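I opened the file this morning to look up a few things. My notes follow in the order I took them.

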Amino acid sequence: MDTMRERFTDVTSRLLDEDPRLAVVLAVISSDRFKDALRAHPDRVIDVGIREQLLVSVAGGLALTGMRPVVHTFASFLVERPFEQVKLDLGHQAAGAVLVSSGASYDIAAGGRTHQAPGDIALLDTLDGWTVHVPGHPDEAETLIRHAAADGDSRVYVRLSEQSNRTAHPTPPGRFRVLREGRAGVVVAVGPLLDATLEAVEGLDVTVLYASTVRPFDGAGLRAAVAGMDVADVVLVEPYLAGTSVPFANEALQNVPHRILPLGTAREELRRYGTSGEHVAAHGLDATALRRRIGDFLPLPRT
């Protein structure tokens, strides 16, 4: 199976052939994967070099001329380093763009803290008007990238990861998908953490919702899932900073008695680089740790 990043470059190269409004803006990262596209469309594949602030500013300028820029680099260089440009050159100017990151929270663990971005979505949450997709499989990534590229002048962030679920679960953008139903709690699994979550809740009487789009947050879907519960016990399993979606879940359930357990990347910084798998385990996001943490929150009998 190809990776999400490989699928992104293949699909976007084809989209350049199909849509003359589309442009790709790079900052060295993945430029080798767009060599054929550059030869075919030298005016619409732009590599600005290692200048991430310029990367976003160029995208803003292209958008203001009527182009649909697709902007790509690692998450820490796409959201964190040029955040002022994301805020001003896109948001303040009401300019649309598709930001596509790779590296997720700690896929490039050996690159050190500079290449880790567990707080990217929390940072974007300080701005208005962003759609955020977190696919869990290359097939989902392709669908969401195509949707974002064709989505008018909107501002969209697509967060790609090397971690992937074994099976794609196509989900309409902006909606949660019900994968199983239970009576004693709801577990929302985001993107590539679905497989570990399903393994963790095996035999537990819980509803599992799958999210490949987290902004807008599907409050209606969450309310429907907890309908009939005296107290709604909700677990959020997110592959980025723990608690990022808690305000949105609280808003959705403001008229429903509820408890929320946020699971995700901890705020504590891990200074030993290690591997991405070691980071997953250290943050308690492997199936064994998830089962223990969910079980402690929802002391349920096994079915």
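**Helix 1.** I began with the buried residues of helix 1: Met4, Arg5, Arg7, Phe8, Thr9, Val11, Thr12, Ser13, Leu15 and Leu16. I note that this is a predicted model. What do these buried residues pack against? I found strand 1, helix 2, strand 2 (45-47), strand 3 (68-74), strand 4 and helix 7 (138-149). Then I checked the length of helix 1, residues 4-18. At 1.5 Å a residue, its 15 residues should span 21 Å.

**Whole chain.** Next I stepped back to the protein chain. It has 12 helices and 12 strands. I asked what radius of gyration a compact globule of 303 residues would have. The rule gives a value near 19 Å, and the chain has 19 Å, which agrees. Along the principal axes, the C-alpha atoms fill a box of roughly 60 × 40 × 35 Å. I also looked up burial: 55% of the 303 residues are buried. For contacts, I took pairs of residues at least 6 apart in sequence; 75% of these contacts join residues at least 24 apart.

Which residues does a cis peptide bond join? I found Arg215 and Pro216, with omega about 5°. Pro216 sits in the loop between strand 10 (213-215) and helix 9 (219-226).

Then I turned to positive phi values. Val28 is not a glycine, yet its phi is positive, near 75°. I placed Val28 in the loop between strand 1 (22-26) and helix 2 (35-40).

Ala94 is another non-glycine residue with a positive phi, about 55°. I found Ala94 in the loop between helix 5 (83-92) and strand 4 (97-102). Ala94 has a relative accessible area of 57%, so I logged it as exposed; the cut-off is over 50%.

**Largest pocket.** Last, I looked up the largest pocket. It holds about 190 Å³ of space. Of the 15 residues that line the pocket, the closest to its centre are Arg113, Pro118, Thr265, Ala266 and Arg267. I sorted the lining by class: 5 residues are nonpolar, 5 polar and 5 charged.

How values were computed. Residues numbered from 1 in each chain as written. Predicted model: local features only at pLDDT ≥ 70, side-chain atom pairs only at ≥ 80, totals over all residues. Heavy atoms only, no water. Helix = DSSP H or I, 4+ residues; strand = E, 2+ residues; numbered from the N terminus. Buried < 20%, exposed > 50% of the residue type's maximum accessible area, 1.4 Å probe, protein only. 1 Å grid on protein atoms, 1.4 Å probe; cavity = no way out; pocket = protein on both sides within 12 Å on 5 of 7 lines; lining within 4 Å. Points joined across faces, edges and corners; volume = space filled by probe spheres on them. Nonpolar A, V, L, I, M, F, W, Y, C, P; charged D, E, K, R; others polar. Expected span 1.5 Å × (residues − 1). Contact = heavy atoms within 4.5 Å. Rg over C-alpha atoms; globule rule 2.2 N^0.38 Å.
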